[in-house]
There are 2 protein chains.
Amino acid sequence: MARIVVGMIGLGTVGSGVAQLLSQQRQLVLKKIAVRTLDKPRIVAAPCPVSTNVADLIDDPEIEILIEVMGGEHPALEYVLAAIERRKHIVTANKELIAKHGPALFALASEKGVTIFFEAAVAGGVPLISTMHKGLEATKISSVTGILNGTTNFILSKMEDAGVSYEAALKEAQALGLAESDPTNDVDGLDVAYKLSILSALAFGEFVRPPVIYREGIRKISALDIAQAKQMGYRIKLVGITRKVNKNQLDVRVHPMLVPLGHPLAAVSKHQNGVLVRGDLIEEIIMVGPGAGQMPTASAIVGDVVNLASALKLPDFASYFSLEITSNWAELVEAGQYSCPYYLRLSVSDAPGVIGRIGTILGANKISIDSIIQKGVTNNQASVAILTEEVLNSNMDSAVSELLKCDFLKEIESKLRIFRTESDA
Amino acid sequence: MARIVVGMIGLGTVGSGVAQLLSQQRQLVLKKIAVRTLDKPRIVAAPCPVSTNVADLIDDPEIEILIEVMGGEHPALEYVLAAIERRKHIVTANKELIAKHGPALFALASEKGVTIFFEAAVAGGVPLISTMHKGLEATKISSVTGILNGTTNFILSKMEDAGVSYEAALKEAQALGLAESDPTNDVDGLDVAYKLSILSALAFGEFVRPPVIYREGIRKISALDIAQAKQMGYRIKLVGITRKVNKNQLDVRVHPMLVPLGHPLAAVSKHQNGVLVRGDLIEEIIMVGPGAGQMPTASAIVGDVVNLASALKLPDFASYFSLEITSNWAELVEAGQYSCPYYLRLSVSDAPGVIGRIGTILGANKISIDSIIQKGVTNNQASVAILTEEVLNSNMDSAVSELLKCDFLKEIESKLRIFRTESDA
């Protein structure tokens, strides 16, 4: 049996897992590993030569598949482009790279007749990409909605389970190595935005330029929000959505949402990821599994390598694996052009008629109230929780700006979207 | 672009959906449809000649792929074998056929160099088979656990939501066309057993002879069981399990279980299916989606046909698609050699010391009690609900036979297994 020769750039946690799994694959040979620096302690003894000479690896004509697990934008981009130029197939877990440079990378790969596999880049342990690419062949996907970041999901789960603040939960996540010392990428939704760009390409054929994706993170979520949501039958999750609005436009967002407790996405806990795919024929499919972690991610990478290697034994395999992705960036709808129900929590002065005035302002902005609860009064101040019916986002924005002008309003404590189980939003 | 010519046997609900979807696929041509009888009313106008002449279809050298959607064991088996003999690839939704004759069918297909695709046979709309086959390439699967029958799931959901009896919920399912007039296949777990045979082949490489699979249906579940389970934080589901116990043996069962309300499988409602795959590297992955239905099933079939057709344009595609399935039937562990926690509900006479005697009998059989609740006494009779810790199945059997000999015992009203979220059972 012919063996396929593989090279790898990067030997951190995931890379070590990949090296270990590759040694169990008889049809694959890991020939060379390139790393940034040799003086870092390594988890495993490498099964092959390790050097800092990336060029030697990329120029090796025997290597047919390059595994890129160094992460980050640069120099990963330059290395991957150089490898594609030399007609090597790429397997990567690098979501930032694929999300930011997908159009250029896939255009070059198509020109050179090679393939880029990236199962590990989104929802590490969940075989989401092969499912969307092969398993849903005959379905037209209308939206992909997911809990795509394990760090924020851990923080929100912790806040609920232990009743602690965002800051306390973040500290614990940092202590456990689940969040970085600068948690911006996770808690402000940037990581999810990268994944949404990739999911958009898979579902609709076009990447989305990450900076134009609407982002709202979890820094402002309070333990009280979580407790009150639970009382009302909801759990707060950081949700990412990409949705086809019309022939040319997508609606792509990441923000916290209330998910009904009975819904499978509400049960996605701790470091798990969960993804809901809606399509014209399949209604909806939900996949839940480990979002990251050494071995789930390594397993996804090696799965890609094995599938690629099997295909490499065929002549014209490229057409079989081709992803129909254009080299254009996708166009987005104007922000505010989608609707969903909302949860609002306001601090107001405890004066007669305040509920009525809130109701009038919401009504004037075409917002119907589903329920409204006034809570305990302290220092002449009351807390009002409101669940609305479905609201156009721009209408909610103008209601909020009107509320902010009112003398009775102390603060808008929360404004959260409610996840609808039955439709795309 | 070369077009692939396809034939179909069967034109019922699913077949009509397939015909409709195939007409949208430009690289496919549906040339002939064969049916049992021409005097049945059809849902759609067929897009090609329809006859009762199956031989004419099977002998047509132009047809490369045969879609079998007639269902049932005979004559589907004879038709499919004849088509494989003539080197046609098969796409089928027929779980009974695959489960009962998998070893023979795959052995012949391998001999003739053709492929059998059957994505629609298990969990119709959930792309489970392509996920297990391609997406989890590098993972060693340890168990597959699922809610695999939409009819029983509908009945159980209905019993909970409306608080009605099994009989009333079954009648409603029959009225809605979700259950057949003889519901045996569904409610006694036979349909799930077929699917478990197929899932065993995918996960472990061997089919399981359906009659040797342990089966317990839902006929005995009462509205009270469901209400009490809910009070304790559980929902009752009909669960199928296939699990690798050791190198040569599987543990394969279908029976009702209590699933914790917070678990994603508890959220699988109505006609949905849900599957949990555990593996050495992936921890667990859960997929939830439509279990059946015309278009989800038709979409799975056409997805298979499209994937096959793409591959047919390659020369030696068969090796790429080969499923590593032996022609042997799998060996099972002895019944009783697995363990899980249990829920017991007993009617007992209301006499002093009864709880103590129950506890003694359970203890003597190595059964630890997690909680025990005695409920309202009527006519000198009390109801006792017990949650146990993990129990070896054979120990539970002997405890039950000892309890049955006791004078205080009126009846064992329920004996249900509890789903453990953290391990294989």
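# Exercises on a predicted two-chain model

Chain B can be laid on chain A with an RMSD of 0.0 Å by a turn of 180° and a shift of 0.0 Å along the axis, the copies being superposed by least squares on the C-alpha atoms of residues with pLDDT of at least 70 in both. This is a predicted model, in which local features need pLDDT of at least 70 and side-chain atom pairs count only at pLDDT 80 or more, while totals for chains, interfaces and linings use all residues. Residues are numbered from 1 along each chain as its sequence is written, and chains are lettered from A and ligands numbered from 1 in the order in which they are written.

## Exercise 1: The two copies

Step 1. Two copies of a chain are related by a rotation about an axis and a shift along it. Here the turn is 180° and the shift along the axis is 0.0 Å. The same surface serves both copies, since 100% of the contact residues of chain B recur in chain A.

Step 2. The contact takes 40 residues from chain B and 40 residues from chain A; two residues are in contact if their C-beta atoms, placed from the backbone, lie within 7 Å. On the side of chain B, the elements that give two or more residues are helix H5 (128-135), strand E12 (283-290), helix H11 (294-312) and helix H12 (317-321). Helices (H or I, at least four residues) and strands (E, at least two) are DSSP runs, numbered from the N terminus. H11(B) supplies the largest share, nine residues.

Step 3. E12 of chain A and E12(B) run antiparallel and are joined by three bridges; two strands pair if DSSP finds at least two bridges between them. Ile286(A) stands opposite Val288(B) in this arrangement.

## Exercise 2: The six-stranded sheet

Give the strand order of the open sheet of six strands in chain B and name its edge strands.

Step 1. The order is E3-E2-E1-E4-E5-E6, with parallel pairing.

Step 2. E3 and strand E6 (116-117) of chain B are the edge strands, each pairing on one side only.

Step 3. Two bridges join E2(B) to E3(B), and Ile33(B) stands opposite Val50(B).

## Exercise 3: A helix and a loop residue

Determine how helix H1 (residues 13-22) of chain B is placed and whether Arg36(B) is classed as buried, exposed or partly exposed.

Step 1. A residue is buried if 20 or more other C-beta atoms lie within 10 Å of its own, exposed if 12 or fewer, and partly exposed in between, with C-beta atoms placed from the backbone.

Step 2. Seven of the ten residues of H1(B) are buried, so the helix is largely enclosed by the rest of the structure. Among the buried residues are Val14(B), Val18(B) and Leu22(B). Their cover includes strand E1 (4-9), E2, strand E4 (65-68) and H11 of chain B.

Step 3. Arg36(B) lies in the loop between strand E2 (28-34) and strand E3 (50-51) of chain B. Arg36(B) counts as partly exposed because it has 13 C-beta neighbours inside 10 Å. Not counting residues up to four places away in sequence, Arg36(B) touches Thr52(B) and Met70(B).
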